[in-house]
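Biologist: Let us go through this model together. I will ask where the words come from.

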Amino acid sequence: MRTLLVDHHADLTHTVPVALAENGFAVDVVGSLDQASSAFSCASYEILLLELALPDGDGLDWLRQLRSEGHSVPALVMSNLDDLDKRIAIFNGGADDFLLKPFSTDELIARMRAVLRRSTQKTDPIIVFGNLHFDPIGREVSVADQPLRMARRELCILEHLLNRAGRIVPRAQLEDHIYSFNDEISGNALEVGIYRLRGHLCRSGATPRITTVRGIGYILELTDGVSA
């Protein structure tokens, strides 16, 4: 899931992205509110991790502005301020959760998943396509009830294709979803990921298949004679 981390403390911005990447999150890291606004203008995010005390302003004021503009992205606020009135203001300002610094990355990831579950509670978060089931919160895939394990990058590709199953997904859109700003991307990185994902689907007997639309992108569809 594409994540925006807004914080300027070096210890956190070095350790958290690594832990999140290992758990299936593509993370963009920015150190100011101005950079955060720029990131929002050119990418879509599933969750926001926000420090309050930033070099160019108050993160809570910025979050209130986001909410006033109609942005509903789940937001987890991080701060070392352990004050009841401040925490109440944080939730009233549009935060979905609050995490007191310092914290363990395990707790952060658990809270992120809880926030994401709540944000999808009105619908079944499990995506079913053919005989493939995908849990976007737990980051688990199964085919015919058998677990299917794959690397983070292939999992991210699968997630984006599943969310647009039956429709052509342009190559640029797919790359924007699965790579963070800091990822080093080789010219054929996406093709390699697609190739490996196709291998997983084929070997597991999955009914969904990936078709290349030459010059445009890819489409996830079901094999002949199978309905979703």
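Biologist: How do the axes of helix H7 (residues 171-178) and helix H8 (residues 189-204) cross?

Modeller: This is a predicted model: local features need pLDDT of at least 70, side-chain atom pairs count only at pLDDT 80 or more, and totals for chains, interfaces and linings use all residues. Residues are numbered from 1 along each chain as its sequence is written, and side-chain values use heavy atoms, without hydrogens and water. The two axes come within 11 Å and cross at roughly 85°. Axes are lines fitted to C-alpha atoms, for helices over the stretch in contact, with angles from 0 to 180 degrees between N-to-C directions.

Biologist: Which residues make the contact?

Modeller: Contact means heavy atoms within 4.5 Å. H7 gives Arg171, Leu174, Glu175 and Ile178, and H8 gives Leu190, Glu191 and Ile194. By class, that is 4 nonpolar, no polar and 3 charged residues.

Biologist: How do you know that the radius of gyration agrees with a compact globule?

Modeller: The radius is taken over C-alpha atoms, and the globule rule is 2.2 Å times the number of residues to the power 0.38. For 228 residues the rule gives near 17 Å; the protein chain has 19 Å, which agrees. The C-alpha atoms fill a box of roughly 60 × 35 × 30 Å along the principal axes.

Biologist: How many helices and strands does the protein chain have?

Modeller: There are 8 helices and 14 strands. Helices (H or I, at least four residues) and strands (E, at least two) are DSSP runs, numbered from the N terminus.

Technical notes:
Nonpolar A, V, L, I, M, F, W, Y, C, P; charged D, E, K, R; others polar.
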